[in-house]
Amino acid sequence: MRLQREAEGGFIRYYKETERAIRGPRKNPPPKPAQEAEKTVEEELLAHLAPLIEDHFLTDVVRPIKSGKEAVVYCCRADASLGRDLVAAKVYRPLETRSFKRDAVYQQGRERGSRPDARVLRALGKKTQHGQAHKFSAWIAHEMKTLEILHAAGADVPEPIERNGPVILMEYFGDIDNPAPVLLGVDLDPGEAAPLYAGILRNVELFLVHHRVHADLSAYNMLYWNGAVTIIDFPQSVDPRYNDDAFDLLVRDLRTVNGFFAAAGADIVDPTEHALRLWRTHVDPRR
Ligand SMILES: Nc1ncnc2c1ncn2[C@@H]1O[C@H](COP(=O)(O)OP(=O)(O)OP(=O)(O)O)[C@@H](O)[C@H]1O
Ligand SMILES: [Mg+2]
């Protein structure tokens, strides 16, 4: 209970801060309570899971699985209503500790799909807090949307369950003691690499059919569980119809995946030729 109460406080403060970033500073900010203890970043992130406990998606946080640059992912116990035991909660780090330096390539062309109003478009082009707050929210929404589209299409990605602020709740891979390892550390059996590689190529093609290039595809962003591979981590994915770098990103994705599977003993495709073939079939026959 204590954790939950503390968590609620952190959650509310976080949203006030984000709202302030969007609406601009308040004229007469109220004084901060002197006794309010400083929280660590980890406590702040954990706090974002409280509303999901209140809303009966989760009952408990089992443990953090991994603390990355962009987010911390937690293994959580699911509420019985979800019809599963465990879920993964990806909690994005707050605005001020994140960098959007590598963001420009991935954001380009995104506004064409969603048509935000002129104010939002101006903000997206700026380095102001207002612009950054919109980017933060758009980045998370884009990962959620991408998971929804690709999962519905039958791709090997986690099933998205819910998004709440900086949290994406999704299907968990692993068991209570062992989260699924990323593919990079896995020694595949002989004979396992070729069918898994073929499965990845099928997914890359399915992504393209549904207007997505992953754009950070590698054995780091693949989970290996029960002999199958699941592809994760989509906030930077781009739309090949609108993003001028999408073809190069597709080639880069294929080249990176090839590196892992060639070492594991699979016969690999030529990345540029394969990308061209997919592109001409699904994006633009004149390329
Ligand atoms: N659905 C899931 N089930 C089990 N583990 C997961 C799941 N999603 C993510 N993880 C774990 O959390 C890690 C980070 O997830 P993800 O790549 O989405 O976030 P990230 O912030 O981009 O991390 P990184 O900086 O390491 O790339 C993964 O490498 C994996 O270990
Ligand atoms: Mg990742």
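Domain bounds, as used in these legends, come from an automatic or database domain assignment. The model is predicted, so that local features need pLDDT of at least 70 and side-chain atom pairs count only at pLDDT 80 or more, whereas totals for chains, interfaces and linings use all residues. Residues are numbered from 1 along each chain as its sequence is written, and chains are lettered from A and ligands numbered from 1 in the order in which they are written.

**View 1. The shell around ligand 1 draws at least three residues from each of domain 1 (2-171) and domain 2 (183-282).** Of the 22 residues around the ligand, Gly-68, Glu-70, Val-73, Ala-88 and Asp-233 come nearest, a residue being near if its C-beta atom, placed from the backbone, lies within 6 Å of the molecule. Strands E1 (58-67), E2 (71-78), E3 (86-92) and E5 (167-171) are the elements that each give two or more residues to this shell, strands being DSSP runs of at least two residues (E) and helices runs of at least four (H or I), numbered from the N terminus.

**View 2. Helices H8 (residues 193-209) and H9 pack at an angle of about 170°, with their axes 11 Å apart.** Axes are lines fitted to C-alpha atoms, for helices over the stretch in contact, and angles run from 0 to 180 degrees between N-to-C directions. H8 and H9 are therefore roughly antiparallel to each other, a term for angles over 145 degrees. Ala-193, Tyr-197, Ile-200 and Val-204 of H8 meet Asp-253, Leu-254, Val-257 and Phe-261 of H9, contact requiring C-beta atoms, placed from the backbone, within 7 Å.

Definitions and conventions. Angles under 35 degrees count as roughly parallel, over 145 as roughly antiparallel, 65 to 115 as roughly perpendicular and the rest as oblique. Two residues are in contact if their C-beta atoms, placed from the backbone, lie within 7 Å.
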